[in-house]
Amino acid sequence: WAAHQLKSPGHAVTVPDPPLGRAVFLEADHDGLSIRVRLEDADPRRALLGLTPTPRLTATEITYWQICFTAAWKRLVARHRPQAELLTSVLQLIVPVAPDPAARGISATSADAYGAVAMSTPPDASAFAVGLLHETAHSLLNAVTQLFDLHTAPATLGYSPWRDDPRPASGILHGAYAYLAVTRFWRAEPGAVATFEYARWREAVTTAT
């Protein structure tokens with residue numbers, strides 16, 4: 001898809017690699033709502049988000065991220081505007097990470113890095129939008145738990161529908177809150193895939209709750 005976007009019939013577009021030490025930002029605007037997020041592929045501390053960072057991105061890779069980000073933002077603003085407005089307040093930085101061959105895409109956040117998301121290259125705009133909403137929910141809940149005690153027994157283990165291992169109460173709450181954002185996204189999307197994803201995550205969130 002990126003290659004299709006980056007070349008016209010019979011003419012490949014050559015994009016020079018960006019200089020070392022440059023700051024890269026993803027920017028998008030739709031229907032009066034804009035966002036600007038740093039795409040961080042150089043900071044040596046980016047591995048602290050828990051996933052393996054990619055090497056420095058090429059210009060072509062950066063262009064793909066921007067194309068996908070623009071499409072995801074248009075969809076979020078058009079169909080999920082309250083959630084898009086939330087992203088403008090929370091999301092500050094995206095760290096590209098190596099993909100997991102067993103998954104369509106992976107992402108993570110850290111309680112020590114509010115507003116930062118680690119994410120593998122999104123396969124399409126929907127996956128990008130869902131990943132951002134999911135991880136931003138984690139960031140938001142991390143901030144709340146810094147201010148308030150939300151558990152009487154946070155280490156108590158229980159069943160989590162999206163994991164194979166027993167999870168502490170704090171992890172189950174995080175999963176339910178983040179996947180509630182995913183469920184809300186798919187509820188407003190058209191098509192058979194969206195209907196399936198909505199039913200799948202609604203059931204998981206209900207079970208966890």
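Me: Which residues is S120 in contact with, leaving aside its neighbours within four places in sequence?

Reply: Contact means heavy atoms within 4.5 Å, and on that basis S120 is in contact with W65, V97, A98, P99, G105 and I106. This is a predicted model, in which local features need pLDDT of at least 70 and side-chain atom pairs count only at pLDDT 80 or more, whereas totals for chains, interfaces and linings use all residues. Residues are numbered from 1 along each chain as its sequence is written, and side-chain values use heavy atoms, with hydrogens and water left out.

Me: Does S120 count as buried or exposed?

Reply: Buried means under 20% relative accessible area, exposed over 50% and partly exposed in between, with a 1.4 Å probe and protein chains only. S120, which lies in strand β7 (residues 116-120), has 3% relative accessibility and therefore counts as buried.

Me: Which residues of helix α3 are buried, and why do they line one face?

Reply: An α-helix has 3.6 residues a turn, so residues three or four places apart point the same way. In α3 (residues 81-90), the buried residues are Q83, A84, L87 and V90. Seen down the axis of α3, they fall within an arc of 130 degrees (taken from the directions from the helix axis to the C-beta atoms), so they line one face of the helix. The face turned away from that buried side carries the exposed residues P82 and S89.

Me: What do the buried residues of α3 pack against?

Reply: The buried residues of α3 pack against β4 (33-39), α2 (59-79), α4 (125-147) and α5 (169-187).

Notes: Helices (H or I, at least four residues) and strands (E, at least two) are DSSP runs, numbered from the N terminus.
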